[in-house]
Each structure stands twice: as C-alpha cells, then as structure tokens.
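Keep the sequence and the 3D view side by side as you read.

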Amino acid sequence: LPPPPTRVLDPELSKRKRRKWWAKLAAKSAITTPVVIEGVGCRGALPVLAAGSTFSLARGPDGLIRAWGTLPWEVANSGQGYHPIPTLVQDLPSTVVGLWAGASHCLAVLASGELFSWGSNEVGQLGDITEGHRSNAAQVMTGVKTAAAGGNLSMAIMEHGEVFIWGSMSEKDIMRHPQKVEGLPSPAIAVAAGGGTCSAVLQDGSVWAWGRNDRGQCGRGRGGRNGPPKFVKHPTHVKGVRSNAVVSLAVGGKHAMAITKEGVPMVGAPQAGAAPTLQLPSSTPAASAPQKLSPLGAHGNGMEAAPNRMLVT
C-alpha cells in the first residue's frame, strides 16, 4: 500500500477532515482476512503485542520489539514514517514482558521492572521532560509491575500497588511527569486507559474509574438535572461490577469493559451518539451503568478495546 500523505497528520488540519480522510483510506485499503506478519511472533511463547491508531507492535523470536504501519512520531519529525515491514525499535532490551500502545505513543515493561517509552510526546505521554517526538525507547521509571496506554494517556502500577498516571485526560489537563493517583482505597492489580478515561482493578476485585464520562465510561450513568457528569475528577467506585469477580479490564475511546466470573459487564457507549448510553448488540435496553453482554455464551479470558470496537477471547 502507498504511504498516506503527511498532511493527514498536520496539526492545522481539522479533526473532521482528518477523520474523513482516514475513513476513505480504511475503505480502500482495509484487510478483511488475517495475514501473517513475517519477522514477529514467537512459537510456544505467550504473545507480546499492541496496536496504536495507525501502527502495530510485536515481540520477535529474538525478544526484540518491532513496529510497522505509519508511525506518527516519525512523520512529525521527518515526514517519513511509513513502514510496511516490521522495523526494530532502537534502544529497547530483549527482556520485554509487557507492551502497550496509545494513539501515537508506546510503553514497554521489562522483566526487571523498568518502564520504557517512545513515540509522540506533545502532551507528556512519554513521561519525561522532552516535548518533542522520540523514535528511540528510553527508560522512564523503575519498580513497575504493569502498565497501560490509551489515547494520550499512560499508566503504571508500582511494586506495592500504587498507580501513577501521566499524559492528557483532556485539553486542559496535561501531566508531563508521572503523578501518583490519590483516592484508591487499596493497592491496584490492573489498570486500563483510553480516550481520556482511566480504570483500575483493586486487590478486593472492585473497579474504580475516573476521567471522561460523556458516554458513561466511568459507570456514572445518573446525575443531576443535567444528566451524568461529563468528567469524573477523582477515582470513583463502579458499583455495578461485583467485587472479587473481575478477571480482566479494558477501556476504549468511549466505552469500558470488565470480564467477570459471571459474564462481561460493559460501561459507556461503543458508538458515537448524543446520549451517554450503551447500545448493546441484543435486545437489552441501552444503559450507561454496567451491562452484561448476553450474546457471549462462554466465559471470557481476555479482551482488547479500541476507540469504537471491542474483542473478547
């Protein structure tokens, strides 16, 4: 496929025109059947991979991370960032055990607990003092158990369960350095981020969420006279998900999901709309409080959420 023109990433281009261009590109170049990506993957080992807005990442047989697609940070730096063949990520050791991608930035956690980042950094997604885009991976933190990335947000869980966050949850809220999240009553064991919303699973199995809630992503489906709050400033307990039952958690652009031992509750709306509701793919009434995804007959083991879609295994 030919590389997309650099004008699509021009900051002067309106969001509406940018979305329209990408929609046309997707319609012309969409791959509707699975294809094998040569040079990545590892037989007999658990996969380590991630996908951003226009790029993908995966660990190769040698343990090193490779990226392919259109890398926004390279386009911004040099105007050249199209890689149809997986390209090695520089300065990243071969002991990566976790890999995450936001819209235009990447995070990797090593077996030693070191956290590396690379990609775009216009709103502090990389967690360091630089404001430019960085193609090479660089260490940001140590003592990290796991992490998450989504949109322009980055999150990390430390050895004792503390949660740190950096990047941007809104245009007015920019964090260029990792900041500890206050208000979580117990240590966290999992986190997820996407589209300006953060979620965390605590040791007791409860789910907490904060950030954007314009589609009910935080599980705050009821509010005052003006409806649900559009932004939840502090971590709030998602009461519709029973404690001690959460297996996995994911946050998309305008929705959230949690796999439980009993099914798949969902929060927020996977499709754009004026009302903060969730339209389930069944006869279940729409709601912005957690809802069970009834068409799934078996229990889920894992999931991924994108801006407007979800995958469950």
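Start with the largest nonpolar core, which has 31 residues. Among its members, M155, V163, I165 and W210 touch the most others. Such a core is a set of buried Ala, Val, Leu, Ile, Met, Phe, Trp, Tyr and Cys residues joined through side-chain atoms within 4.5 Å. Buried means under 20% relative accessible area, exposed over 50%, and partly exposed in between (1.4 Å probe, protein chains only). The elements that give two or more residues to this core are β10, β11 (163-170), β13 (188-194), β14 (197-202), β15 (207-212), β17 (246-251) and β18 (255-260). A second core of 19 residues is separate and includes L57, L99, A101 and C106.

The model is predicted: local features need pLDDT of at least 70, side-chain atom pairs count only at pLDDT 80 or more, and totals for chains, interfaces and linings use all residues. Residues are numbered from 1 along each chain as its sequence is written, and side-chain values use heavy atoms, with hydrogens and water left out.

Now the whole chain. It holds two helices and 22 strands. These are DSSP runs numbered from the N terminus (helices: H or I, at least four residues; strands: E, at least two). Of the 313 residues, 47% are buried.

Next, take strand β9 (residues 144-150). Five of its seven residues are buried, so the strand is largely enclosed by the rest of the structure. β9 pairs with β10 (residues 153-158) in the antiparallel sense, over six bridges. Pairing requires at least two DSSP bridges between the strands. A149 has S154 in β10 as its bridge partner. The two strands form a hairpin with two residues between them. In the turn, G151 has a positive phi of about 60°.

Turn to the second largest pocket, with a volume of about 290 Å³. Of its 13 lining residues, M169, M175, W210, K233 and H234 are the closest to its centre. β11, β12 (173-180) and β16 (231-237) each give two or more residues to the lining. A pocket here is an open set of points on a 1 Å grid over the protein atoms alone, where a 1.4 Å probe fits, with protein on both sides within 12 Å along at least five of seven lines; lining residues have an atom within 4 Å of a point. The volume is the space filled by probe spheres set on the points, which are joined across faces, edges and corners.

Finish at H177, in strand β12. H177 is partly exposed, with a relative accessible area of 44%. H177 and I165 are twelve residues apart in sequence and 8.2 Å apart in space, C-alpha to C-alpha.
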